[in-house]
Amino acid sequence: MIVVLKQNPDAQQLSTLIDWLKEKHIEVHTSTGELHTILGLVGDTAAIDADLISALDIVEDVKRVQEPYKNANRKFHPENTVVTVGDTQIGGGTLTLMAGPCSVESEEQIVAIAKSVKASGATLLRGGAFKPRTSPYSFQGMGAEGLELLKIARQETGLPIVTEIMDTAQLPLFKDVDVIQVGARNMQNFDLLKQLGRQEKPVMIKRGLSATYEEWLMSAEYVMAGGNHNVILCERGVRTFESYTRNMLDLGAVPVLRKLTHLPVIIDPSHAAGKAWLVPQLSVAAVAAGCDGLIIEVHNDPEHAACDGPQSIRPETFAEVAKKLHGLHNYLSENA
């Protein structure tokens, strides 16, 4: 249920209303916009008399929300959420570029790539320490050692780090990670999502291989229900009958999510394409669609990469792409 308040509501009446709702075991989320203040009511609102609330002097309208996700729902939170990470932000009209290798392979490799992508405009460093792989014989990442190398790269460049968690048991290792990534295969690992909701570190949730928008948003809801509202959504393509690309990038997700939720939306063209030559074009299309940023795989020697070399672009290509993306974003912003 959503309660839309009139402008400049009486503070005492508002406090009395909120206290009464809490007595009914209803959780109240307050969202203050330029024109209205909205109360988002979470819980069993079936017994709440909407007409009784509507009759209050401070109330302009009362609406019941049918969608099962509440915290992530734009109806509850009309203003776009901005997630702050270090000196950068995700959302709020900026274009955020996250870049780095699929996997951390050595200190020399990750530091060199970090310096390169930062010089080209990236504001976050991505890199896998723990890698979910389809084959048990494939490179699984360097684990805890990889996390330490990411921290060295952060110290060398100042770039916040984004890396994927696989299991709740790994949480203590991620206390110094800036953004925790939940991969597509863990999108519905509800125990993990609950644990991530009990800490304040930003969480980026990748869309599952065949997840619907509602299922994806419900995963975000798990984190937000725990109290952590620093959630970012990442579209990385879904599985279809087409086998030429690794996945089918759903750029329609950007305008759809803009309508459904207030959370920032990041696009991953690398995992969608599976082919490096497609990444620049898909990145441009993603910015044109209105995404808040991209997460792009960059490797200085793709042919010998331990993981996902065919979809990784070289640093010099990233520099060209980043310049084009920022130019397009600025043009669209100026002509919105």
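**Close-up 1. Helix α4 and what its buried side packs against.** The buried residues of α4 pack against α3 (107-119), β8 (124-126) and β9 (161-165). Here, contact means heavy atoms within 4.5 Å, and buried means under 20% relative accessible area, with exposed over 50% and partly exposed in between (1.4 Å probe, protein chains only). The buried set in α4 is Gly-146, Leu-147, Leu-149, Leu-150, Lys-151, Ala-153 and Thr-157. Everything shown comes from a predicted model, where local features need pLDDT of at least 70 and side-chain atom pairs count only at pLDDT 80 or more, while totals for chains, interfaces and linings use all residues. Residues are numbered from 1 along each chain as its sequence is written, and side-chain values use heavy atoms, with hydrogens and water left out.

**Close-up 2. Helix α4 from end to end.** Residues 144-157 make up α4, 14 residues in total. Helices (H or I, at least four residues) and strands (E, at least two) are DSSP runs, numbered from the N terminus. From first C-alpha to last, α4 reaches 20 Å, close to the 20 Å expected at 1.5 Å a residue; that expected span is 1.5 Å times one less than the number of residues.

**Close-up 3. A four-stranded open sheet.** Follow the strands across and you get β2-β3-β1-β4, with antiparallel pairing. Two strands pair if DSSP finds at least two bridges between them. At the edges stand β2 (27-32) and β4 (59-63), each with a single partner strand, so one side of each has no neighbour in the sheet. From one strand to the next, the twist averages 20 degrees. Look between β2 and β3 (residues 37-42) and you'll find six bridges joining the antiparallel pair; Thr-32 has Thr-37 of β3 as its bridge partner.

**Close-up 4. Helix α1 across the strands.** Helix α1 (residues 11-23) lies across β1 (2-5), β2, β3 and β4, and runs at about 10 degrees to β3. Axes are lines fitted to C-alpha atoms, for helices over the stretch in contact, and angles run from 0 to 180 degrees between N-to-C directions.

**Close-up 5. Two loop residues with positive phi.** Most residues other than glycine have a negative phi. Asn-8, not a glycine, has a positive phi of about 50 degrees. You'll spot Asn-8 in the loop between β1 and α1, where its 76% relative accessibility makes it exposed. Asp-308 isn't a glycine either, and its phi is positive at about 55 degrees. Asp-308 sits in the loop between β14 (293-297) and α10 (315-334), and is buried, with a relative accessible area of 16%.
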